[in-house]
Amino acid sequence: MKWLSWRLAASAGAGVALALEALPWLLRWLRVGRQRPQRREVLFFPSQVTCTEALLQVPGAASAGPPAACRCSLPHGESSLSRLLRALLAARLSLELCLFAFSSPQLGRAVQLLHQRGVRVRVITDCDYMALNGSQIGLLRKAGIQVRHDQDLGYMHHKFAIVDKKVLITGSLNWTTQAIQNNRENVLIMEDTEYVRLFLEEFERIWEEFNPTKYSFFPQKQRSH
């Protein structure tokens with residue numbers, strides 16, 4: 001009997017040890033299972049031309065209803081552009097933009113709309129391309145949005161956005177009508193703490209580097225393509 005009792009006690013002890021060893025793994029599994037799946041979305045361009053008016057309603061304006069209620073002749077389904085607009089318009093607290101070229105009227109309206117909603121918007125861009133006809137940068141500045149640009153020898157060639165310091169939007173796409181409607185481009189929309197942190201650090205570094213107090217009034221700027 002003593003031998004049997006010893007075997008039972010040993011088995012019980014081993015079971016408890018295994019349970020304690022497995023407990024951290026089980027807790028991690030339960031925690032991960034309760035978490036919302038992180039967003040992973042890839043958009044490819046050129047985008048189908050669709051109506052985006054329903055997404056770009058001005059605060060206080062009468063609702064235009066669902067997209068199908070719009071009377072324009074454009075298709076009213078989803079497109080890469082509309083999905084990009086939705087990702088931007090999901091911002092509630094902050095939006096950081098670091099863009100080489102920005103002339104898309106729809107994306108420009110989305111950024112201004114976020115500003116009107118009280119979202120803190122900051123924009124970094126390239127000084128040469130912001131001066132071109134059709135650039136949205138002047139309109140953003142006129143709306144009161146903070147914009148900083150480079151003065152050095154190289155292009156500010158980044159193309160990324162950070163939504164609420166949680167979602168990263170990046171890829172080959174310049175935010176221009178030409179690129180959206182005609183070019184073969186890609187955009188990745190992702191929730192990843194580490195990637196967001198790295199891109200946010202890069203944004204803050206450039207934001208400080210392009211502080212207007214550091215500008216030279218007569219920069220010697222020579223660029224090669």
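## The overall fold

The chain has 6 helices and 7 strands, where helices (H or I, at least four residues) and strands (E, at least two) are DSSP runs numbered from the N terminus. Follow the sequence along and the pattern reads α-β-α-β-α-β-α-β-β-β-α-β-α. This is a predicted model, so local features need pLDDT of at least 70 and side-chain atom pairs count only at pLDDT 80 or more, while totals for chains, interfaces and linings use all residues. Residues are numbered from 1 along each chain as its sequence is written, and side-chain values use heavy atoms, with hydrogens and water left out.

Of the 225 residues in the chain, 37% count as buried. Buried here means under 20% relative accessible area, exposed means over 50%, and partly exposed is in between (1.4 Å probe, protein chains only). Contact means heavy atoms within 4.5 Å. Among contacts with a separation of 6 or more, 78% are between residues 24 or more positions apart.

## Helices α2 and α3

Start with α2 (residues 80-89) and α3 (residues 105-116), which pack at an angle of about 15 degrees with their axes 10 Å apart. That makes the two helices roughly parallel, a label for angles under 35 degrees; over 145 counts as roughly antiparallel, 65 to 115 as roughly perpendicular and the rest as oblique. The axes are lines fitted to C-alpha atoms, for helices over the stretch in contact, and the angles run from 0 to 180 degrees between N-to-C directions.

On the α2 side, the contact is made by Leu81, Leu84, Leu85, Leu88 and Leu89, which meet Gln106, Leu107, Ala110, Leu113 and Leu114 of α3. Sorted by type, the residues of this contact come out as 9 nonpolar, 1 polar and no charged. For that sorting, Ala, Val, Leu, Ile, Met, Phe, Trp, Tyr, Cys and Pro are nonpolar, Asp, Glu, Lys and Arg are charged, and the others, Gly among them, are polar.

## How the two helices are buried

With 8 of its 10 residues buried, α2 is largely enclosed by the rest of the structure. The buried ones are Ser80, Leu81, Ser82, Leu84, Leu85, Ala87, Leu88 and Leu89.

In α3, the buried residues are Leu107, Gly108, Ala110, Val111, Leu113 and Leu114. They pack against α2, β2 (94-99), β3 (120-125), α4 (137-142) and α5 (177-182). The length of α3 checks out too: at 1.5 Å a residue its 12 residues should span 16 Å, and its end C-alpha atoms are 16 Å apart. (The expected span is 1.5 Å times one less than the number of residues.) After α3 comes Gly118, with a positive phi near 95 degrees.

Ser104 sits in the loop between β2 and α3 and is buried, at 1% relative accessibility. Its C-alpha atom is 5.7 Å from that of Trp175, although the two are 71 residues apart along the chain. Leaving aside neighbours within four places in sequence, Ser104 is in contact with Gln136, Trp175, Thr176, Thr177 and Ile180.

Over in strand β5 is Ile162, buried at 0% relative accessibility. Ile162 and Glu96 are 66 residues apart in sequence, yet 5.1 Å apart C-alpha to C-alpha. Not counting residues up to four places away in sequence, Ile162 touches a list of residues including Ser94, Leu95, Glu96, Val196, Phe199 and Leu200.

Two residues in the loop between β5 (159-163) and β6 (167-171) are worth a look, one being Asp164. Asp164 has a phi near 55 degrees, a positive value in a residue other than glycine, and is buried at 19% relative accessible area. Lys165 lies in the loop between β5 and β6; its phi is also positive, about 55 degrees, although Lys165 is not a glycine. At 38% relative accessibility, Lys165 is partly exposed.

Elsewhere, a cis peptide bond joins Phe45 and Pro46, with omega about 15 degrees. Pro46 lies in the loop between β1 (40-45) and α2. Ser172 is in the loop between β6 and α5 and is partly exposed, with a relative accessible area of 30%. Beyond four places in sequence, Ser172 touches Lys159, Glu185 and Asn186.
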